[in-house]
Number of protein chains: 2
Amino acid sequence: MKITLIGSGKLGTHLYKAFSTSTKIELVQWVNRSSKEHKTNEGVLLNNQWNPKLKSDLILLAVSDKSIRSISESLPKDSFVVHTSGGISIDVLSQKRRGVFYPIQTFSEGRSLDFSNLPIGIETENSLDLENLHQLANSINASAKEINSEQRQQLHLAAVLVNNFTNHLFVEAAKICEEKQINFKLLLPLMRETVEKLNTLEPQKAQTGPALRRDQKTIDYHLKLIKNPQLKKIYTLFTSAIQKNNDQ
Amino acid sequence: MKITLIGSGKLGTHLYKAFSTSTKIELVQWVNRSSKEHKTNEGVLLNNQWNPKLKSDLILLAVSDKSIRSISESLPKDSFVVHTSGGISIDVLSQKRRGVFYPIQTFSEGRSLDFSNLPIGIETENSLDLENLHQLANSINASAKEINSEQRQQLHLAAVLVNNFTNHLFVEAAKICEEKQINFKLLLPLMRETVEKLNTLEPQKAQTGPALRRDQKTIDYHLKLIKNPQLKKIYTLFTSAIQKNNDQ
């Protein structure tokens, strides 16, 4: 399978690495309009311009949400163009053969990440293209799931809750630990188990803590301990939200 | 080491299992005042009354926060009594030889949990008792860390953020998925990586998403997608808190 990859940000770089090590993928060009041309370690040229002569079966856009439309418009109408965004509809692509390939994961610089078994939300508009995206996922050992644009946008919202907002809670917990000279990493096994529990328990059944058991003494004490007014608001809001969910 | 364990709730049961399989612990009695007497699988009697004739080196209270004081008062003044609560000061215990043994973990029914390498916050008032609590942790392969009551109460607050509140975000994400017939477990690898990232990155550096990159289009779209007013408040509050943290 011949692939053109556009974008060399965090996701683009992770995809580039996965494609380079796959025997089923031939990466014909890797493009980033804003970076300088250079040879990568694997000898692939990172171009700053898309080369229309290098034909591929599929052009994959790992670019910012706001660039998807204009890049799609600059590409041939008869290409198969696929974006990788959770929040953007398939309709933004101007090609007839269009698709979405959304890895449900967070990508950071300096983290080596395995695509093995990673769920990838895929969407296309015909069954042949769907088969191609299944193949693309297979080629990096990922696990493709068909989800439509509406589902994907809801899934992206859910991903913001379980990743971005969760990480914000971790930031605030780390600040508390730092202030009292406690090693934040003492919390890692707890954080892991908070996730791993959900292999066998629904999150609603996994809820514990002072809010759920209406332990007002501890709640009041925690509110007294919190100095940051924004965190105080978060504490109050979550306490009431957990109790409201439990009443339903 | 001879241990008396009081309490057979979630933590009590997990501790009972860990002690039963340790070769270094002799569990001389296991007490729960509200349950019926019965023989456990391992032949230990779960009593409904504490038996003063069965002497032990240490009495461990795995009971609710609000029962710690009264149970401590009912026990001999010359016993070494240790509670297991994150939120309660050591001062609540009326014995001269007193301590805290706080496993920094969440315990659920039906989850088999390993104490190996689990951090346990310990506190005592003399070095001999401290040595005893180190031994107790060692006997179940856990990892004891000395933290005082003030630190432990802050750590407990941090634990509420990274476990209870994080789980509430998981509950809300699961509701979104359920409504759109999306399998919530598609989010598990993302949730895992959100935690595992922190092995190598500080949480502040791991922050990503529409709030951080001030992607107002996605933020507005998400707020439009959210029907639950409480979740809308959470979304707005976190978006502004993430941006404020980033400005600092």
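**Entry: model and numbering.** I am working on a predicted model, in which local features need pLDDT of at least 70, side-chain atom pairs count only at pLDDT 80 or more, and totals for chains, interfaces and linings use all residues. Residues are numbered from 1 along each chain as its sequence is written, while chains are lettered from A and ligands numbered from 1 in the order in which they are written.

Entry: From helix 5 of chain A, the contact takes A:Met191, A:Arg192 and A:Val195, and from helix 5 of chain B it takes B:Met191, B:Arg192 and B:Val195. By class I have four nonpolar, no polar and two charged residues in this contact. The classes are Ala, Val, Leu, Ile, Met, Phe, Trp, Tyr, Cys and Pro as nonpolar, Asp, Glu, Lys and Arg as charged, and the others, Gly among them, as polar.

**Entry: the whole interface.** I find 75 residues of chain A in contact with 75 residues of chain B, where contact means C-beta atoms, placed from the backbone, within 7 Å. On the chain A side, helices 4 (149-179), 5 (188-196), 6 (203-206), 7 (216-225) and 8 (229-247) each give two or more residues. Helix 4 of chain A gives the most, with 24 residues. That side has 40 nonpolar, 23 polar and 12 charged residues.

**Entry: chain A overall.** I list eight helices and nine strands in chain A; these are DSSP runs, H or I of at least four residues for helices and E of at least two for strands, numbered from the N terminus. The C-alpha trace of chain A spans about 70 × 40 × 30 Å along its principal axes. Of the 248 residues in chain A, 47% are buried. A residue is buried with 20 or more other C-beta atoms within 10 Å of its own, exposed with 12 or fewer, and partly exposed in between, C-beta atoms being placed from the backbone.

**Entry: domains.** Chain A is divided into domain 1 (2-147) and domain 2 (152-247), with bounds from an automatic or database domain assignment. Their C-alpha centres lie 35 Å apart. I find nine residues of domain 1 in contact with six of domain 2 in chain A. On the domain 1 side, strand 7 (97-103) and strand 8 (119-124) of chain A each supply at least two residues.

**Entry: Asn141.** I checked phi of A:Asn141 and found a value near 65°, positive in a residue other than glycine. A:Asn141 is in the loop between helix 3 (127-139) and strand 9 (143-146) of chain A. With 13 other C-beta atoms within 10 Å, A:Asn141 is partly exposed. For B:Asn141, I have a positive phi of about 60°.

Conventions. Contact = placed C-beta atoms within 7 Å.
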